[in-house]
Amino acid sequence: MRLDKYLKVSRIIKRRTIAKDLADDNRVFVNGKLAKPSTEVAVGNVIEIRFEHRHIKVEVTFLSDKILRSNPPMYELLDDKRIEKSE
């Protein structure tokens, strides 16, 4: 599954276009390597996203093309750091 679609379907990011923009801005990494929106994601991959005020790291635990309540959790949160802005 494509990275941008996974981030949307897993509800880590609300919209696929935002996921694509983050990847295009070099703020998404898969297994420690810079990722493009079209990067293929597999179970066991570690995704790191660097938002402006927060960095999160998740492990992919399940893949599905659709958002269903019956699906198991699609990711496990490994790390969540708040980033303070220095003025």
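This is a predicted model: local features need pLDDT of at least 70, side-chain atom pairs count only at pLDDT 80 or more; totals for chains, interfaces and linings use all residues.
Which residues touch the most other members of the largest nonpolar core? Hold on to that one for a moment, everyone, while we get our bearings.

Next, the overall dimensions. The C-alpha atoms fill a box of roughly 45 × 20 × 20 Å along the principal axes. Of the contacts with a separation of 6 or more, 42% link residues 24 or more positions apart.

Now the inside. Buried residues make up 32% of the chain. In soluble globular proteins, nonpolar side chains tend to be buried together. Back to our opening question: the largest nonpolar core here has 20 residues, and Leu3, Tyr6, Leu7, Ile12, Ile47 and Ile49 touch the most other members. Two or more residues each come from α1 (3-9), α2 (16-24), β1 (28-30), β3 (46-50) and β4 (54-60). The biggest giver is α1, with four residues.

Please find Ile47 on your screens. Leaving aside residues up to four places away in sequence, Ile47 touches Leu3, Tyr6 and Leu7, and its other partners include Val28, Phe29, Val30, Val41 and Ile56.

The accessible surface comes to about 6000 Å², and carbon and sulfur atoms hold 47% of that. As for charges, the chain carries 19 positive and 14 negative ones, and their mean positions are 5 Å apart.

Note on methods. Residues are numbered from 1 along each chain as its sequence is written. Side-chain values use heavy atoms; hydrogens and water are left out. Buried means under 20% relative accessible area, exposed over 50%, partly exposed in between (1.4 Å probe, protein chains only). Contact means heavy atoms within 4.5 Å. Accessible areas come from the Shrake-Rupley method with a 1.4 Å probe; for residues, only the protein chains shown count as cover. Lys and Arg count as positive and Asp and Glu as negative; His and the chain ends are not counted. The place of a charge is taken as NZ of Lys, CZ of Arg, CG of Asp or CD of Glu. A nonpolar core is a set of buried Ala, Val, Leu, Ile, Met, Phe, Trp, Tyr and Cys residues joined through side-chain atoms within 4.5 Å.
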